[in-house]
Amino acid sequence: MTNASNTAAAHTPLYRMMRLIRRAEEILMEEYHPADQMRCPIHFCVGQEAMPAALSTLMQPDDVVMSHHRSHGYYLAKGAPLDAMVAEFYGKATGSNGGLAGSQELSHEEARFYSGTILSGMFAMANGSAFAQKYDETSGLTVAVIGDGGMEEGIVFEALNLAAVFKLPVLFVCENNLYSAHTRIDIRSKSETLIARAKAFEVETRLLDGNDAVLLQQQLADIVRGIRAGNGPHFVEVTTYRTCGHVGPENDDVLGYRTPEELGKWKQRDPVASLRATLLAGGVASSEIEKIDGDIDRQVRRAIDSAKGAAFPDFEKALSLNWANSYSPVVAKFESARAAFDGHQNETKLKPY
Ligand SMILES: Cc1ncc(C[n+]2csc(CCOP(=O)(O)OP(=O)(O)O)c2C)c(N)n1
Ligand SMILES: [Mg+2]
C-alpha cells in the first residue's frame, strides 16, 4: 500500500458511517409510502451527513449527544443501534423508546443520545448534562445540535452565556442549512452566518464547511480535545444543505421556496459522493467500497424487516411509563376501543408543509 492509499484507507470508517446515514434515510424514504406503516413525522437529513459522521469518530461512551428534530445521523453517530431506530419509527416495542417516541423524540439511554422537537431545548439541557459531567469530574462532554432556525430562540442566548460563565464542557453545534422549514435565512436575518451571536458571550467559535467530512473531522478533533482539556464551551457553525424536503419523504420543492440552481449547486457538493471519490482517488479498491455499500443496504433492509415483524408495545405497559399517572381523555377514547378508527389513516399521510 502506498502512503496515499494508506491515508485514504484511514477514512473508510468515516465513509462507512456517512453511507449508513445516507442509505438508512433513502431506504426509509422509499418505504414510507404507500405502505404508511411508519406513523410518525420524520425529518430526514439527506445532504447533511458529514457532520454527524465526523463527530462519530470522536465520541466516547461517557459523552452525551443531544440533537434537534433532524436527529438520525447523530443517533447513529453516537453508536446507537440502527435496528432500534427503525423499529422506533414503526412504533414497535423493540424501538429505542419502546415505540412511543417516533422520530421526533428519538433517544437511546445506553448510548447517551437524546433528541427532542422543541427547537433549541437541547442547548439548555446540554448545560445541565455538562454541569453534571464537570461536577462529577468525568472525562465526558456534551454535544448539543440545533439548526439555524433554532438560533432564533431566546433560550440559545441564556444557554451560551451560562455555559461560558460556568466554563462547561459543551460543544454547541449549529447546522446552518440556510432554511427554517421553508423560510430562507436572508428573509429572517441580516447575516447568513451566526457565529457572531455566540462570540457575544465570549464563547469560542468556528465557522466550518459542513460538507467536507475529512476536514471537519480534523477541525473537530482539535475542538473536542480543547473541551476535554477543560477550556470551556465551543460553538461550531457548520454550513450545509438538506437536499431532501423539510419533513417526510416527499420532495417539497414544488412549493418554490428554493431555486433549482441553489439545490443543484449543493448537490454538486454531495458529502457522501465526494468522500467516495476521495477514497477511490486515494487508491481504495472500488470492490472494497462496493462491499461496504452492499453490506449497508442489507443491514438497513434487515432492520426494516425485523421492525415490521416486531410486536407493538403493550398498551397498559405503555401507560405505566406516564410519570404523571394520568392521561388525556383523548387517550381514554382509544383505550375503550369504541372510537371509530380509520385503518387507512389517509389523513395522516404527510404532505409537504
Ligand atoms: C419552539 C418551537 N417552535 C417551532 C417549532 C416548529 N418547527 C419545527 S422544525 C422548524 C424549523 C427549524 O429550522 P432549523 O432550526 O433551521 O432546523 P432544520 O429543520 O433546518 O434542520 C420549526 C419552526 C418547534 N418544533 N419548536
Ligand atoms: Mg435550518
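Tutor: A residue counts as exposed when its relative accessible area is over 50%, and as buried when the area is under 20%. Keep in mind that this model is predicted.

Student: Which exposed residues does the face of H11 turned away from its buried side carry?

Tutor: Helix H11 spans residues 260-268. Its buried residues are Glu262, Leu263 and Trp266. The face turned away from them carries the exposed residues Pro260, Glu261, Lys265 and Gln268.

Student: Within what arc do the buried residues of H11 fall, seen down the axis?

Tutor: Start with the general rule. An α-helix has 3.6 residues a turn, so residues three or four places apart point the same way. The buried residues of H11 are Glu262, Leu263 and Trp266. They line one face of the helix, because they fall within an arc of 95 degrees.

Student: Which strands are included in what covers the buried residues of H11?

Tutor: The cover lies over Glu262, Leu263 and Trp266, the buried residues of H11. It includes S5, S6 (183-184) and S8 (234-239).

Student: Which residues coordinate the magnesium ion (ligand 2)?

Tutor: Look at the spacing of the donor residues in sequence: D-x28-N-x1-Y. Asp148 sits in the loop between strand S3 and helix H7, and Tyr179 in strand S5. The residues that coordinate the ion, at 2.1 Å, are Asp148 (OD), Asn177 (OD1) and Tyr179 (O).

Student: Is Val156 buried or exposed?

Tutor: Val156 has its place in helix H7. It touches Ser120, Phe123, Ile146, Gly150 and Met151, leaving aside residues up to four places away in sequence. Buried means under 20% relative accessible area. At 0% relative accessibility, Val156 is therefore buried.

Notes: Residues numbered from 1 in each chain as written. Chains lettered and ligands numbered in written order. Predicted model: local features only at pLDDT ≥ 70, side-chain atom pairs only at ≥ 80, totals over all residues. Heavy atoms only, no water. Donors = N, O, S within 2.8 Å, 3.2 Å for Na, K, Ca; no water. Helix = DSSP H or I, 4+ residues; strand = E, 2+ residues; numbered from the N terminus. Buried < 20%, exposed > 50% of the residue type's maximum accessible area, 1.4 Å probe, protein only. Arc of directions from axis to C-beta. Contact = heavy atoms within 4.5 Å.
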